[in-house]
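I'd like to walk you through one model, so let me put it on the screen.

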Amino acid sequence: MTLSEAHRTTITEADERRSARGGAFSMFVDSFDVYLPALVLPAAMAYFMPAGLPAEIRATITTLLFTVGLLGRPIGSVLLGNLSDRIGRKRVTMISGWAFTILTLLMGLMPGYAQWGYGAIVVFAVLRLVGGIFLAGGYAAPIPLALEQAQVSRRGRVGGLIAIGAPAALLVMNALLLGVLDGVPEEGFLTWGWRIPFFLGFVLGLVYLWHYRKVVEDESVYEERRSTARRQPVAELFIEHRGLITSVFLFTCGYWFATQMSVSFLPTLLVQVLGRSAELSSTLEIVSSVVTIGMIMLLAAVGQRIGRRALLMRWALVMTVVVAGAFLLLAVTGRAGAPDWVVGLLYVIAKVIPSAPLGVILVYLNERFPASVRASGYGIGYMFGLVLPGLYSFWLLGLSAIMPYEYGPIVLIVGGGLLMFAAVRSGPETNPVASPVAASSAAKEATG
């Protein structure tokens, strides 16, 4: 059963809207919790590390605390994706939601280097790892459900609405961080001010769980699957759909190699390597988030009209050329003492372009998998594609042996963009509105 054939006999239009809001809220909470360390810790690492460490080592430890959360997500995609295909999207959403909400609170209560030494970083990393496992449930459950319940003609728009949860989270997070940096003395920020975004993440998790309890799902679908003698969804995925999951993995791996530099590493590059202020970084993150929200909805509409494959191929080349060029100019002008407005313009370009096709990507990946393995396939393909790019701190350290540290991201962006282009080019069109014939071929690939 393909996405357009999803079981919807008992789903009303109000249920569809509620599910779409749940998917967007899931993306918001997920992004808020995932990117907190990447945005907050560059300004607060003096709380977790001793003074006097070289800038490259501080940047590496900061990025590792972010990366370890990404490494937990592939584990969660296997466990929770399989569970979502077996017992239902809503049940898995509630299980994972409670877990990562509590873990976010625990991270906000962490002691620092003065109390636990390097043990504080180790415990923080463990919490991030476990949190990453449960955050994968946000991709394996509520997002597939929202797209399954969406009408075909509105699917692109729903994908865009879900995707803007990510920049909206960054917008809220950076606005809060900027307010804390401006309103709290440095000593106060390092002891308690950095905790405020984590406490807000805990509250947002509770609100998310309260909203999602009203989402409706037709559980008879999963009862039918459990009553038939068939393989576990993960086993079915890798036995019957090996070519499909490989294609999706290569696509997401390329996308994340190109995107992690902008989404995760850019604030660290600006503050800890190029020596600009954390306030400037937060301001630019706010501007970038606003622009990204508009771009996501624009590309979602274009992808719905011309085809998601067609748009993603073009955008992969744009990312390869424009984002790599922006990073190059940012490294050169940042070291040369360029004014903040020049650095800021390059920062926004590098930040917005990789995130702009996110809504198209969410729909494209879900459309490629049959319903029986959709949560497993989408979650595993998306999350395992994060593993190698998630180790970018090691790639950057290795590249720094042959080039200046700030030029390393350019290599990863170009390589990732070209891999993404090749993977999309070799796959089918999935949008039945833009290309019914091509989408029919995609359905055969998914079910064959």
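Predicted model: local features only at pLDDT ≥ 70, side-chain atom pairs only at ≥ 80, totals over all residues.

Residues are numbered from 1 along each chain as its sequence is written, and side-chain values use heavy atoms, with hydrogens and water left out.

When I say helix, I mean a DSSP run of H or I with at least four residues, numbered from the N terminus. Axes are lines fitted to C-alpha atoms, for helices over the stretch in contact, and the angles run from 0 to 180 degrees between N-to-C directions.

Let's begin with α19, residues 374–384, and its packing against α13, residues 233–240. The angle there is about 70 degrees, with the axes 9 Å apart. So α13 and α19 are roughly perpendicular, a label that covers 65 to 115 degrees; under 35 is roughly parallel, over 145 roughly antiparallel, and the rest oblique. The crossing of α13 over α19 is right-handed, meaning that the near helix is turned clockwise from the far one by less than a right angle. Who touches whom? On the α13 side we have P233, V234, L237 and F238, and they meet S376, G377 and I380 of α19; contact means heavy atoms within 4.5 Å. That set has five nonpolar residues, two polar and no charged. For the classes, Ala, Val, Leu, Ile, Met, Phe, Trp, Tyr, Cys and Pro count as nonpolar, Asp, Glu, Lys and Arg as charged, and the others, Gly among them, as polar.

Now α14 against α19: their axes come within 7 Å and cross at roughly 40 degrees, so the two are oblique to each other. Again α14 passes α19 in a right-handed crossing. From α14 we get I245, V248, F249, T252 and W256, and from α19 G377, I380, G381, Y382 and F384. Seven of these are nonpolar, three polar and none charged.

On to α15 and α17, whose axes come within 9 Å, crossing at roughly 40 degrees. That makes this pair oblique too, and the crossing is right-handed. The contact includes L280, L284, V291 and M295 from α15, and Y347, V348, K351 and S355 from α17. In total it has nine nonpolar, five polar and three charged residues.

Next, the holes. On a 1 Å grid over the protein atoms alone, a cavity is a set of points where a 1.4 Å probe fits but cannot get out, while a pocket is an open set with protein on both sides within 12 Å along at least five of seven lines; lining residues have an atom within 4 Å of a point. Points are joined across faces, edges and corners, and volume is the space filled by probe spheres set on them.

How many cavities of 30 Å³ or more does the structure hold? Five. The largest has a volume of about 270 Å³ and is lined by 24 residues, with Y35, A166, V263, S355 and L358 nearest its centre. At least two lining residues each come from α1, α2, α9, α14, α15 and α17, and α1 has the largest share, five. The lining splits into 14 nonpolar, six polar and four charged residues.

Finally, the second largest pocket holds about 160 Å³ of space. Its lining is E16, R17, A20, R21, A24, R154, R157, V158 and L161. Here too α1 gives the most, five residues, and α8 supplies at least two. By class, that lining is four nonpolar, no polar and five charged.
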